[in-house]
Structures are given as structure tokens and as C-alpha cells.
Amino acid sequence: MRDLTALLTVAEQAADAGCGWLARAGEEWSARSFKPSGEEVTAADLEVERVMSQVLRRLTPGIPVIGEESATGRPRPPRCWLLDPIDGTMNFARGAPLHALSLAYAEDSTPLLGVIDAPALGRRWRTGARNGPSPAPARARTVSEAVIGITGTGSGDDRLVRRIGLLQSAAYRIRMQGAMSLDLVGVAEGWLDACLCLGPKPWDVAAGTALARERGKTVLGAGGAEFTLGSPVLVAGEEALARQILGMWESPPAGAGTDPTGLRSPEGP
């Protein structure tokens with residue numbers, strides 16, 4: 001039987017080790033290079049993953065660690081740690097503070113606990129905090145009232161640009177902060193009404209999904225089902241708002257109020 005309280009303690013110890021190493025690292029560790037996929041990576045990503053994985057393997061030897069920088073593409077085991085050593089590498093490499101260490105424990109594609117630490121902000125969020133913050137109040141019930149975070153946009157895809165543009169025209173405001181974990185924190189904390197994550201990898205969103213759900217938010221995946229790791233899209237927020245955003249993004253009916261991408265304005269029929 002798993003002990004989530006004990007596992008959360010382990011997760012915090014691993015995050016402490018990763019943040020401690022990062023605090024001592026020099027600027028040379030933030031020099032960027034590129035993966036075959038075209039994504040940016042730094043030496044710090046690799047070293048933080050190594051340091052944190054070492055703690056996890058020592059303290060929980062029976063639980064595999066799946067880290068962004070060492071993932072093989074093999075099927076995930078039934079239970080595992082999911083680690084993004086630096087979510088928001090592009091921000092980190094440019095000296096921007098919106099980056100975070102993100103660590104979750106998951107079973108059967110469902111995140112059960114998470115720790116997210118934004119070292120440049122001096123902030124840490126975790127599930128399971130006793131007497132922690134109450135769920136953030138709902139400030140927006142419709143897209144036209146909502147501040148929505150979007151991550152995973154990439155660049156250069158004309159159809160994607162049009163879809164984002166139509167969502168932006170319908171929303172009160174759009175925010176693109178460049179770190180899925182922190183967008184999910186934003187939903188959990190209430191500074192974002194909702195977030196849309198495109199092409200989320202498990203290590204990007206597992207910890208934030210666990211946190212948002214604990215704070216009473218709905219986290220949806222493709223087709224409007226509860227989000228599970230591997231879904232090509234994630235929307236989080238109050239349930240009615242999350243479903244409205246996902247409905248706009250996915251497969252609305254054609255007709256008035258649509259653009260050529262099939263994305264419908266919420267005011268359309």
C-alpha cells in the first residue's frame with residue numbers, strides 16, 4: 001500500500017535537493033542548446049534531473065523515475081515519479097523568473113500528489129498541505145469574463161494561430177507565461193480563471209493537475225473526459241468554464257460564428 005504522506009515528504013526532499021543545486025549553479029549552466037525536437041535545453045536541466053532522481057531512487061527504490069530529459073518513450077509503468085527539472089526552460093535560459101521544478105507521483109495515468117517550486121520567485125506549492133489555502137473563488141463564469149493562460153503554442157502553425165486568435169478575441173484576457181506547471185498553479189491559486197495546455201507531456205502537467213484538483217478545480221482532457229496523462233490537450237478551471245473553453249477548442253458544429261478552423265465564438269449559435 002502506498003503512503004501518500006510519506007511520498008510527499010520524499011518529493012519535497014527531492015525538490016530541496018534540486019533547488020539547492022540550482023541556487024549554487026553559475027550562469028554557464030543556463031547556456032541553451034537544442035534537442036533533436038527543436039526544444040531548448042540547458043546543462044542545468046540535465047543536472048537538476050540527475051540530482052532529484054538520485055534522491056528519489058535512494059528513498060523510493062521501487063518507484064521508477066520518468067524525467068523529461070531521460071525519458072525513453074517506453075510505456076509508463078503503472079506507478080512512477082514524473083519529473084520536469086525545469087519547466088519553462090526558454091524562460092530560464094533568458095533569465096526570466098517564470099520557471100519551475102515540477103515533480104508528481106502518479107498511478108495508472110492519474111497524478112496523486114505534486115510539488116512545484118519556482119526558485120526565482122521563492123515560492124513552492126504542494127498538495128496535501130494541512131490547513132492550506134481554501135479553493136480560489138470563481139471570478140469568471142464565461143470565456144468573455146476569463147483570464148486564460150495558454151501554453152504549448154509552438155510557432156509557425158497558421159491554423160493554430162487562427163484558433164488562438166479567435167479564443168483571444170472571445171476571452172477577457174489571454175496570458176502566455178511559458179510554463180504549464182505555473183499556469184496550473186495560477187488556476188489553483190486564482191490568478192488565472194482557466195488554462196489551456198496544448199500537447200502536454202506528463203511531466204509538464206502532472207503536479208499541477210494534482211494541485212488544481214485538490215483546490216476544487218476541474219481538469220479536462222480530450223473529448224471532455226477527466227484529464228489523464230497522455231491526452232493531447234488539457235483545460236483546467238471551474239467546470240462550466242473549462243467545458244466552454246474545451247468545447248470552443250475541439251469540435252464545435254460548423255455554421256455561423258465559426259472561422260475556417262472550426263473554432264466557434266461563444267456568442268455564435
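Contact here means heavy atoms within 4.5 Å. In this predicted model, Met 180, Ser 181, Leu 184, Val 185 and Ala 188 of helix H5 are in contact with Asp 204, Val 205, Gly 208, Thr 209, Leu 211 and Ala 212 of helix H6. This briefing covers that helix pair, the pair formed by H1 and H2, and the two largest pockets.

**Packing of H5 and H6**

- Helix H5 spans residues 180–189, and its axis lies 8 Å from that of H6, at an angle of about 5°.
- Angles under 35 degrees count as roughly parallel, so H5 is roughly parallel to H6.
- The residues in this contact comprise seven nonpolar, three polar and one charged.

**Packing of H1 and H2**

- The axes of helix H1 (residues 4–24) and helix H2 (residues 43–59) come within 9 Å and cross at roughly 150°.
- Because angles over 145 degrees count as roughly antiparallel, H1 is roughly antiparallel to H2.
- The crossing of H1 with H2 is right-handed.
- On the H1 side, the contact involves Val 10, Gln 13, Ala 14, Ala 15, Ala 17, Gly 18, Trp 21 and Leu 22.
- On the H2 side, the partners are Ala 44, Glu 47, Val 48, Val 51, Met 52, Val 55, Leu 56 and Leu 59.
- By class, the contact of H1 with H2 contains 13 nonpolar residues, two polar and one charged.

**Largest pocket**

- Two or more lining residues come from each of strand S4 (79–87), helix H3 (89–93), strand S8 (147–151) and helix H6 (202–214).
- The lining of the largest pocket divides into eight nonpolar, ten polar and ten charged residues.

**Second largest pocket**

- The volume of the second largest pocket is about 320 Å³.
- Lining this pocket are 19 residues, with Ile 66, Ala 71, Gly 73, Arg 74 and Trp 203 closest to its centre.
- Strand S3 (65–67) and H6 are the elements that give two or more residues to this lining.
- S3 provides the largest share of the lining, at three residues.
- Nine nonpolar, five polar and five charged residues make up the lining of the second largest pocket.

Key. Residues numbered from 1 in each chain as written. Predicted model: local features only at pLDDT ≥ 70, side-chain atom pairs only at ≥ 80, totals over all residues. Heavy atoms only, no water. 1 Å grid on protein atoms, 1.4 Å probe; cavity = no way out; pocket = protein on both sides within 12 Å on 5 of 7 lines; lining within 4 Å. Points joined across faces, edges and corners; volume = space filled by probe spheres on them. Helix = DSSP H or I, 4+ residues; strand = E, 2+ residues; numbered from the N terminus. Nonpolar A, V, L, I, M, F, W, Y, C, P; charged D, E, K, R; others polar. Axes fitted to C-alpha atoms, helices over the stretch in contact; angles between N-to-C directions. Parallel < 35°, antiparallel > 145°, perpendicular 65-115°, else oblique. Left-handed = near helix turned anticlockwise from the far one by under 90°.
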